[in-house]
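Hi,

Here is the structure I said I would pass on to you. Have a look through it first, and then read my notes below.

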Amino acid sequence: MKKILITGATSGIGKGLVEIYQEHAHVYACGRNAEVLNHYNTFDNITPLQFDVTDINDIKLKTSSIDSIDILVLNAGNCEYIDDARNFDSVLFERVVRVNLLSIGYCLDALLKKVEPGGQLVIVSSSAAFLALPRAQAYGASKAAVTYLAQTLAVDLKEIDVSVVHPGFVKTPLTDKNDFPMPMAVTVDEAAIYIKKGVEKRKRDIHFPKRFTIIMKLFQLLPFGMWKVIAKGLSR
Ligand SMILES: NC(=O)c1ccc[n+]([C@@H]2O[C@H](COP(=O)([O-])OP(=O)(O)OC[C@H]3O[C@@H](n4cnc5c(N)ncnc54)[C@H](OP(=O)(O)O)[C@@H]3O)[C@@H](O)[C@H]2O)c1
């Protein structure tokens, strides 16, 4: 039976992945939410692990008994917006970069050596990484860096396939906070299926829903000045 470790497994996309993978793999489901982790404890195929992804010592301690992993899914993340770029909030910026980007470095340090040759590393970025979006100085920058990190790992890692996931909008507690329209949003179950299918095909770039992400990728081709006008329109 394959062993898959998922961070951010207590909510949203990660929770959807636990539900779909536990049917035929052993899942190490990681997060901080004790209630959800206790619930996971009632399943034979799930080992709950409680740690903070921003704490390297905590990650190493709580995963020390794991000797091998077939698929490592680094999904934990958060989203906060900078409402007033002129009054730049560096505390918010640091918080978002720490959870979305630095945590990936900590998890790689603690866990990448445990991934079996022929195994897979799956890193969840965002389609926000494709374009400069309003108020996304922290979230977008962290996710653009995550995409770059995943791509450089794909270049350098031998024997491990790397996939980077670029979701469009997914209805989760994270996006429930959004105060703007979320075109073509998909459910957690749909997102989990897109990701699982992409992982099975060992796709380098898993992006969905395509009707949304392809439009984003096309916008990327515009001269920046033209995109800036469109983006300013989005922020109104
Ligand atoms: N939803 C979307 O539309 C969307 C779009 C593009 C990309 N994404 C990305 O997809 C990933 C999952 O997002 P989601 O929408 O499913 O969010 P979510 O429902 O808020 O879930 C976030 C998960 O991350 C975990 N987490 C956050 N900070 C943590 C920390 N310091 N230590 C340990 N675990 C931590 C949470 O665990 P605890 O609550 O247990 O701490 C939770 O399980 C994120 O990386 C997000 O950026 C989401």
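Let's start with how the chain is put together over its length. If you take the contacts in the protein chain between residues at least 6 apart in sequence, 62% of them join residues at least 24 apart. Please keep in mind that this is a predicted model, so everything here is computed from predicted coordinates.

**Overall build**

The protein chain has nine helices and seven strands. Its C-alpha atoms fill a box of roughly 50 × 35 × 30 Å along the principal axes. Buried residues make up 47% of the 236 residues.

Now for the strands. They form an open sheet of seven, in the order β3-β2-β1-β4-β5-β6-β7, and the pairing is parallel. Which strands stand at the edges? They are β3 (46-50) and β7 (205-208); each has a single partner strand, so one side of each is left without a neighbour in the sheet. From one strand to the next, the twist averages 15 degrees.

- β2 (residues 25-31) pairs with β3 in the parallel sense over five bridges. Glycine 31 has glutamine 50, in β3, as its bridge partner.
- β1 and β4 are parallel too, paired over three bridges. There, isoleucine 6 stands opposite valine 73 in β4.
- β4 and β5 run parallel and are joined by five bridges. Isoleucine 69 has valine 115, in β5, as its bridge partner.

Is β4 mostly covered or mostly exposed? Mostly covered: five of its six residues are buried.

**Helices against the sheet**

α7 (residues 188-200) lies across β4 (69-74), β5 (115-124), β6 (161-167) and β7, and runs at about 155 degrees to β7. α8 (residues 210-220) lies across β6 and β7, and its angle to β7 is about 110 degrees.

Which residues of α8 are buried? Phe212, Thr213 and Met216 are. They cover an arc of only 90 degrees around the axis, which puts them on the same side of α8. The buried residues of α8 pack against β6 and β7.

**A glycine in a loop**

What does glycine 8 touch once you leave aside its neighbours within four places in sequence? It is in contact with Gly14, Lys15, Cys30, Asn75 and Ala76. Lysine 158, on the other hand, is 150 residues from glycine 8 in sequence and 26 Å from it in space, C-alpha to C-alpha.

Most residues other than glycine have a negative phi, and most peptide bonds are trans.

The peptide bond from phenylalanine 208 to proline 209 is cis, with omega near -15 degrees. Proline 209 lies in the loop between β7 and α8.

Arginine 135 isn't a glycine, but it has a positive phi of about 65 degrees. You'll find arginine 135 in the loop between β5 and α5 (139-156). Its relative accessibility is 25%, so arginine 135 counts as partly exposed.

Arginine 202 isn't a glycine either, and its phi is positive at about 50 degrees. This one lies in the loop between α7 and β7. With 32% relative accessibility, arginine 202 counts as partly exposed.

Happy browsing!

Notes
Residues are numbered from 1 along each chain as its sequence is written. This is a predicted model: local features need pLDDT of at least 70, side-chain atom pairs count only at pLDDT 80 or more; totals for chains, interfaces and linings use all residues. Side-chain values use heavy atoms; hydrogens and water are left out. Two strands pair if DSSP finds at least two bridges between them. Helices (H or I, at least four residues) and strands (E, at least two) are DSSP runs, numbered from the N terminus. Axes are lines fitted to C-alpha atoms, for helices over the stretch in contact, and angles run from 0 to 180 degrees between N-to-C directions. Contact means heavy atoms within 4.5 Å. Buried means under 20% relative accessible area, exposed over 50%, partly exposed in between (1.4 Å probe, protein chains only). The arc is that of the directions from the helix axis to the C-beta atoms.
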